Each structure stands twice: as C-alpha cells, then as structure tokens.
Amino acid sequence: MPTTRDRTAGERVAAPIAAPAARMPVVPGERGVEVHRRPPRNPGGPLDLDWALAVRVNRSAVERRAATLPTRRTVKKQWQAAWLLRAISCMDLTTLQGDDTPGNVRRLCAKARRPIRDDLVEALGVGHLGITVGAVCVYHQLVPVAVEALAGSGIPVAAVSTGFPAGLNPFRQRLEEMRASLEAGAREIDVVITRGHVLTGAWEALHEEVRAFREACGDACLKVILGTGELATLTNVARASRVAMLAGADFIKTSTGKESVNATLPVGVVMVRQIREFHERSGVAVGFKPAGGIRAAKQALEYLYLMKEELGHPWLRPALLRLGASALLTDIERQLEHFATGRYSAAYRHPMP
Amino acid sequence: MNHPTGISEIFETMEYGPAPEAEQPALEWITRHGGEFGLYVGGRWVKGQDGRGFDVINPATRAKLARVVQAGPADVSAAVAAARAALPGWAALPGHARARHLYALARAVQKHARLLAVLESLDNGKSIRETRDIDIPLVARHFYHHAGWAQLLETEFAGHGPAGVVGQIIPWNFPLLMVAWKVAPALAAGCTVVLKPAEFTPLTALAFAELAHEAGLPAGVLNVITGDGESGKLLVDHPDVDKIAFTGSTEVGRHIRQATAGTGKKLSLELGGKSPFIVFEDADLDSVVEGVVDAIWFNQGQVCCAGSRLLVQEGVAAPLIGKLRARMEKLRVGSPLDKAVDMGAIVAPVQLERIRGLVEKGVEEGAQMWQPSWACPTDGYFYPPTLFTDVSPSATIAQVEIFGPVLVSMTFRTPAEAVALANNTPFGLAASVWTENINLALDIAPKIKAGVVWVNCTNLFDAAAGFGGYRESGFGREGGREGMWEYLKPEWETANAERGTRNEPAATVPRSEVPVPRSGQLPDIDRTPKLFIGGKQVRPDQTYSRRIVGPDGRVVGEVGEGNRKDVRNAVEAAHAAAGWAQATGHLRAQVLYYIAENLAPRSAEFAARLDAMIGGGVDAGRREVDAAIARLFTYAAWADKWDGAVHHTPVRGVTLAMNEPIGVVGVACPAEAPLLGFVSLVAPLVATGNTVVAIPSEAAPLAATDFYAVLETSDLPAGVINILTGSTDALAQVLAEHLDVDGVWYFGGSAGRAVEAASAGNMKRTWVEPHRRDWLDPRQGEGREFLRHATQVKNIWIPYGE
C-alpha cells in the first residue's frame, strides 16, 4: 500500500523536501500539521449530523473575504515564478470532452510529463525539481490510453467515474464503473454526488453514497465532486463538504466543470474552512480541488493564497491541493516566459497539450 | 530580511516575497515642489507669514518627506478672508455649476488615484492596499455623490442656503478621505472652506488643493492651511467663521464645543469611539474572524469606529478566541508600500507610545495579553496585532479609546446583557452585530446607542449613508441627505434679526398692586400650580414661589420655583418613561390629537390667561391657542410619517437610515408666545419618541401650568412631558450640565453660551436658537427642521444573500 499511495496522491517531486523555512520577521509561520508528503487517508466514519448541520455561512461576509484575499496578497518576480511552478505541480491536467480520442489524450499526457519548455526550465534553474503536473484526468474510456502514455512517469491517472457529470446513473452501475476504472489503472477517482440529496436534505443518503464510493475505490484517492454550482447556497456547500468528509472523501472538489457556475473563490473559502474544521475535529487532513473555469495564472495564485491563508503550507502540495484545469497551463507558461525573458509571451510559443 | 531568493527554495517554502509599490512618482511630486509646501489661500500658494514650519515624516522609515508651514494668526485670517470673499460668488452659482465643479474634483481624484494612494501611504504609514482599494476610491465616490447634491440642491433643499464660511479640521487617520467628507458637502451646499489637515499628514490635502486648482475651482472657495492644534484653535476661534466641522478626539471636540459656545457658529463633531463588536452564538465564526480583522486591524486600528470591544456570547468564546489567534498568526505587518501586508506603521511615535502604555496598563490590571509569535519590523513605528482576554468592563483598556491594533474581549450571556455591555460607554459611534438570526439582529441594532450599526459586516462606508455618533462620539452626520443639513441653514434665518436678551427682568411690583381680598368677601381659592413631574403635580423641592406679573403690573398668579433637585427628579421621571420611544407612531399621534381635543374646549380660558400674562387682547390670545391646536395636529400628523430612508449604498443589502429619538431632552421655551412656543418645541420631541423636561416662558408660565390639566386628561404616559417653572437660565444650566440628559433646546435668552459650554460635559446635542421666530408662521414655527433636531439618524447596514 505505501508504494501505491506514494504514486497516488503523494509527492512525486524528486528533490528532498526542504525543512520549513526559518521564520522571518514579517512573515507568519505555519499553523496546523506539518504534512509534507502525504497525510494519513481519511478513513471516514459515521454521520455526525449535528456537526454537519451546525455550520453557519454568511454569504456576504464570505464574498468579502474572497474579494479581498487577492488584494491582500500577491507574489512578484521569482516568488511568482516559484508559486506558478507549484501551481503546475498541483494541477490535474484534464480533458473531459465528448470528442476525446486516444490521440488527444496521448498529447495531453506528453504535456503532463513536460509541462514547461525545456529552455524555460533551464532559464528558471528548476530542472532538478522534475516538475510535472499532479495528475491527468480523463473519462473512464480513455484511462488505459492515459495509463500507458504516462507509464514510468509517476503521474497518476484520475478517472471521472460514476456517471459523470450528472451522476444520476443507477447506483450499482456507478460503483461498477468506478471499479472498472481502477482495474484499468486509474489511481484516483473523481466522483460526483447526487446533488438532489443535498437539495432535499437527504444527508444520510449522501453519507451512504459517499461511504459506498469510498469502499469501492480501495486504495485509490477519492475526490468527491460537490457540483457546487448546483447546490444553490453556500450553506449547502458547507454541509455537503462536511458530510462528504465524514464519509471518507480524500479530497472535496468544487465542480465537474460542466455546471453553468464552476469553481469560484467564495465557494473555495467555504470549502477550505470546512476542511479546516474537519482537520481540527478529527486530525485528518482532507484535500481541496477547485475545478472548472480556472484559466488564468492569476486565478491559480489566488487559490494558492487561499490555501496558505486559510489552511497552511501542507495544503500547498499535490497531496492536498489539486487545480482541475485544461487551459490554465498555457497561461502559466506564458507568465513564466515573461519572468524569464522580460517579454510578454504568446500562447503559440508553448507546446499545446 | 532573510528571504530565500532562489526559485527552487521558494518552490519548497512557499513563502511570500516583497511586493513593493514604487514610491518614486510620489517622491518626485514632492521634489517638484522643492520639498516644501506653502499654504493654499485665495487660489494661490503663499508662504507662512511668520516663517514657522515643521517636517513631515514617513512613519514607516522615519525619513523626512517634506516641510510645511505652521499657520499663524495672520495666515488663518487671510484664509478666512479669502473664503469670505469667495462666498457670495460661490453661493450664487446655480447648483448645476457647483455640480460641474464637484464632478471635476471627482475626476481629478480618479485621474491621479495612484499618486494620491502612494502619497497617502508614505505620509500616514497605512498600507497601499487600503489607500488604493478603500481610501482613494471612497474619496472619488464622495465627490461624485455630492456633485449630485449640488445639482439637486435648489429643489431638494428648497428654502435653504449655505451655512457660510466653514472651518474644517481633520485627523490623520484617513487624511484624504476626511478631506472629501468635509469639503464635498460644504462645496455642494455653497459654503466656502478653510481646511486644516492634521500636522502628521498634510500632504494629500495639499495635493488635493493642487488638483482643485488645476480643475478650475474658483479662488478662495477652498483654502488649505497646515499646522498643528494651535492653528486649528485659531481657526475655531476666528470670529468670521460661520461653522466648524471637526473630526478627531473627544477631548479636542470638547474644547471646540466650549470655545464655540455662544458664538452662533454651527458645529458638527465626529469624535472618538470604543465601538462594540457583538458576536452571538449562531454567527458564522470564520466570517466573524475576518470581520474582526476588518474592524480592529484595519488602518492599524487607528479608526474612530474600530470595533475595539469584542463582546462574545459565552458558549462560543473559546472557539472564537482560538480562531482569532490562528488568524493573527497569519497577519503580515511591514512596509506600507508592500502590496502584500495587512498592516503598516503607526502614524507617529507619540501614538505608538500611547498604545504601548495602554497595553502595559492592561497587563498590569490583570487582563491576558496575546500577540502573534512573529516580530514587527523595527525600522519604523510598528505595533503588532494584540488581543486581550479576561477583560472586565472596569479595566482601563475596556473603557478608553486605544486607537491602535488592540482588541479587548469580554463575554456575555444573553442578548440583553450584550446590549448593556455595548452601551456601557460614554461613546456611541458604531457597532457590529454578528448573528445569522435576522430577528435578533434587527432587535439588537436599534437598542445600541451608536450612529452606525453594521450587521454581519464592519467598517463599511459610503457617501450615500450618513456617518456620525451618538453621545460623546459627537453629533452631526457626514454623507447622505442627512449630512447635507450640516452645511445648510434656512433662508428666513438670514432675514430675522438676532433676538436680544429674552428674560427682561420683570418690573418691580409695588406691593399695593397685589390683589388683596376685600374684607367681608370670601377669599379666592388659591390656584398656585406646582411642578409637573412624572405625571403628577408635585411641590417644588424647596417651597419658594415666584410671582407672575401681567403687563399692567398686576400679579396674575404665582408658580413654584423649581431648583436643581427638581431637575434631577424630572430627568429621572423622563428616563422612566423611555418606553415612549417604542410606542407606535400611531399611538403617539393619538395622544397628541387627544391633547389638542382637550385643549380646544378650553380655548377661551387659555386665551384669557394669555391676555392676562402678556396683553394684546383676548383675540390675540385666541389666535395663539388656535395655532397651538393646529400645531398639535401637525405633529400628530408627523408622528407616523417621520420616516427614515433606505440608502443606495454599493452593497447587496439595505442600509436603513432610521430616525431615532435623542432621548431625554431639556427644553427652555421662548418668552414670547407662552403657549404656542411651548407646544411648538415640546410637540415635535414627543411626536418622535423623546421624553421632555420643559421650562416654560419664565415671565409667562401660567399657560403651560394650566396645560397640566390638559395633559392629565389626554392619556399621556407619566414622565413623557415634565414641566418645571422657575428661573429659565438657572434650570437650563442644570439641564445642560446633567450627564444623563441627551439634548437641550434653548430658545433665546442670555444663557445660550453657558448652555452650549456646559453641554460639553457629555457632548449632549444642543439647539440654541439666537433668532427670534414668528411662531405663528408655520415656515418658522414647525416642520422638518424641528423633527430633524428631535431625532438622530442611525444607519444600519444589512447585507443579505444566502
């Protein structure tokens, strides 16, 4: 299991992990657990409905926090470059299109192995970091293609199973699909919950559903997609986050990318605060995956500020943070080239995924 | 600082790096002025006449930024003279023309927003994030909003003209924002201005003067003089200033109240605070934490309305304090020009010392002090965020305004206890209420004595909403329609001559003129009225009586001589009747109608009494009684119509501007119109929910004492109206000094100065009317002017959205 887990959700960065930085005068230190590799998995447990429903979320206040987070923090120059590299290492490079074929999935996997142009890697002096993306995320049918294309890279393949994106296929079928994805070599499973359970307050049903996913996914990392754009309120987002974590989610994820509203910073604020509560309550560190609509390097940085400010350094690693994205990588490459050369870059200068 | 600087290291440590905003453009602007600034007077930059000046320091680096003038008497006089000379022309401009000027100022601020933001940060030490995202945008917004009021002035404020030449003294914590709050409404109203920025932070005001000049503001309309409190005092004392507007400490505000007493200068004061931040157990605690950050670690805590007293419901105190400490660890203090810091520098060493001293005192007094593990930079005046727990209300740090990043926390058990703790302060500027229960929030907000209440938010400001205090946090509002009144006065006022001494001593009455019953006749039954306190007719504390003499020298009756103990008792009775404020407008109207109904059948009796006291004939008396009945109807009509407003602020939510009663108000009635004057002042106060201690006309009080019987038959709750006869000025003085009286209206007479000076004790609202009114004229004798004085506006911000 440890070997598998190492490849699944943990670090794949070759270099040894540095000790936490010495505290600098103006920079606050860290709070929370020091998780540098991978946290213990979330075993899940019984539904504590009192706790799940006790959460209070004030939307306006959350929106103010989300609006000022990116204005309170920024990184420039080499800090920005390093942070953007970190964003790449936490990226679930994704293609989830109806017209996906083995061809474009192989292309994506090649990009996942070498996300940045070699000359830029050299210019930034980060060749020894061996930076790759965090995972490649595809539909079940293309899992074998991706697994083969990524062989030897250490990059896990994540499958969206369970009747993605609506998640309304028969329950048994959804579990079977998940098992099939695992058999095909997926090491991470992104599953969608039945949003109706949230909207109707069927918390026991939601808990049971995620418990079943958790059992079915075995050693694989379970990312539970809440479909926040369809949950109507931030309070529902918070409650669903709590129930999913109680049931054993390794990650909670915002969106399928197919809802009309996908990852937003206010939703992120609410979800990571539930992760913090769950961690303080149970000692278990659950990861966060915003997905959908994250296209700009600046947005990626905003999610990194969010994790650092609301959770802490352990949540700035692929073990506990993934950014679900497809177009984001190109924008990050452009910013890195700008840093390296001082000139604004063009998308076509970077190999497309 | 020992930053890891290689990309690989940062990739691992994920630390923040420096993100400095360039200071060069702002420094170059200073250099272009030779590093020295004169005074902006009459549209020109002039040197100080006595050559004194002082250096302006960057508090984050201790570096000298510039040198400015210490304005002396000749400078202040020149500035006031320039404003006076510009007044007729500026006031005569059509509203649209002034709107164009204000619009130009808004545009000028926006065009140079970054320069102003950087300059402000350099001068004050506040973070560039705040100047860039909060201060400067609010400045532009204020001018746009007030360009609108200038445009609408003639229709929306018909019958009113500018207050005149205005002296404005502003603090260092929001230097340019305070320029906007002061200058925009004054210019919109047609006033001309002499503005004195704080000595620590004069640069953006000077930059603004330059922008205004370039934008074509006529010479003398805005004058900016620099200097310390000495210059401010010269401005306050200048005889040719019509109004003083001051924002700053309560201590200085008190001095200004005393200094302007009796001068007829209009006054608005925005003073200190110790604002409560109330957290109920059902609040979103994570959002509360960010609210606290915005409340007390905004602008280094140097905010008059900072939520500096955290009141937490006991059951959630421990988790909230834990969350707060964790959050404090993550705050970043450093160079104000770093775009990624939360807090910059304290403005000056003297402030830093004050904060340190009070924190030490807090520790000495036994409170638990907590600061984050990281240390502040030492190259400037920095102070870390600080949290006190185990604080009792009696602790010094719980009572005094610290004006720094220091939060004191206390717990409460019930909503009632939260309100009691919240109001347990002489201040009343602002409050925050955090709960997810709208019933609770909207129940608590009106109970808190504060001019601004933020529900589930804090430190939100907007030009469309009034801002200002209750109690010793000052009076007057800035922003919104309510703020415009501070710079306007009724046009009839200019026409009416100032009244002379009101209480002409009564002619000595020869003893022989006292009517003596003839022998053989039954004596008259004595009708000497007592005092009317708490709904009862009570004997004066000391049994002295005062003889009331008619115009022909005949004694027409006697009244009791009230003294300070009677005032005390009347004020207590008025407080006991505080429930009147909660009575519905409909009920208050019913009582006022009933009073009118009971007065009407006794018209002849009252008319005869008036004639006996002041002469003029029974017909004149009858006209006064009829007018009094009509006036009662007027305020019965208003009782359920003096609505507040919902302001258009830029939040998803409502900002309710509620008209709340002042509280217990003492009223010294005018000598003339003994009945109508009394009714004209008491009725608007009662209609709006105040309780009243009234002193009727000293020379002719019998109409008011006859009124006891009318009140007693009109279902008026005991204590709502209390009436004390005796020496008007002596009683008014006691009322003005009384620390549990919230307002005093003093109409005429010679004690106006004393009343205003004494009111500084608790900064009670005063309305001292130096102008003689024609009470029979409804334009002068009734209406919105009276209702505005009878109420204060509380703005309640309620963002919503689920």
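**Legends to the close-up views**

**View 1. In chain A, A:Gln80, A:Trp83, A:Leu84 and A:Ala87 of H4(A) meet A:Ala297, A:Ala300, A:Leu301, A:Leu304, A:Tyr305 and A:Lys308 of H13(A).** Contact means heavy atoms within 4.5 Å. The model is predicted, with local features needing pLDDT of at least 70 and side-chain atom pairs pLDDT 80 or more, while totals for chains, interfaces and linings use all residues. Residues are numbered from 1 along each chain as written, chains are lettered from A and ligands numbered from 1 in written order, and side-chain values use heavy atoms, without hydrogens or water. Helix H4 covers residues 77–89 of chain A and helix H13 residues 297–310 of chain A, and their axes lie 10 Å apart at an angle of about 85 degrees. H4(A) is therefore roughly perpendicular to H13(A) (65 to 115 degrees). Helices (H or I, at least four residues) and strands (E, at least two) are DSSP runs numbered from the N terminus. Axes are fitted to C-alpha atoms, for helices over the stretch in contact, and angles between N-to-C directions run from 0 to 180 degrees. The residues of the contact between H4(A) and H13(A) comprise 8 nonpolar, 1 polar and 1 charged (nonpolar: Ala, Val, Leu, Ile, Met, Phe, Trp, Tyr, Cys, Pro; charged: Asp, Glu, Lys, Arg; polar: the others, Gly among them).

**View 2. A cis peptide bond links A:Phe164 to A:Pro165.** Omega at this bond is about 0 degrees. A:Pro165 sits in the loop of chain A between strand E3 (157–160) and helix H8 (171–183).

**View 3. Chain A and chain B meet through 61 residues of chain A and 55 residues of chain B.** The two chains bury about 5,200 Å² between them, and 54% of this lies on carbon and sulfur atoms (accessible area, 1.4 Å probe, lost on being put together, summed over both). There are 10 salt bridges between chain A and chain B (a Lys or Arg side-chain nitrogen within 4 Å of an Asp or Glu carboxyl oxygen). B:Glu12 makes a salt bridge to A:Arg86, with 3.7 Å between the closest N and O atoms.

**View 4. B:Met14 has a positive phi of about 50 degrees, although it is not a glycine.** B:Met14 is found in the loop of chain B that runs between helix H1 (7–13) and helix H2 (24–32).

**View 5. H20(B) and H22(B) are roughly antiparallel to each other (over 145 degrees).** In chain B, helix H20 (residues 585–599) and helix H22 (residues 618–639) pack with axes 7 Å apart, at an angle of about 170 degrees. From H20(B), the contact takes B:Gly585, B:Arg588, B:Ala589, B:Leu592, B:Tyr593, B:Ile595, B:Ala596 and B:Leu599. These meet B:Val625, B:Ala628, B:Ile629, B:Leu632, B:Phe633, B:Tyr635, B:Ala636, B:Ala637 and B:Ala639 of H22(B). The residues of this contact of H20(B) with H22(B) divide into 15 nonpolar, 1 polar and 1 charged.

**View 6. The axes of H21(B) and H24(B) cross at roughly 160 degrees and come within 9 Å.** H21(B) spans residues 603–614 of chain B, and the two helices are therefore roughly antiparallel to each other. B:Glu605, B:Phe606, B:Arg609, B:Leu610 and B:Met613 of H21(B) make the contact with B:Leu702, B:Ala703, B:Asp706, B:Phe707 and B:Val710 of H24(B). By class, the residues of the contact of H21(B) with H24(B) are 7 nonpolar, no polar and 3 charged.

**View 7. B:Arg527 and B:Asp706 meet in a salt bridge of 3.2 Å, N to O.** B:Arg527 lies in the loop between helix H18 (491–495) and strand E20 (531–533) of chain B and B:Asp706 in helix H24 (residues 702–712) of chain B, so the pair ties together parts 179 residues apart in sequence. Over all chains, the count comes to 71 salt bridges.

Technical notes: Parallel < 35°, antiparallel > 145°, perpendicular 65-115°, else oblique.
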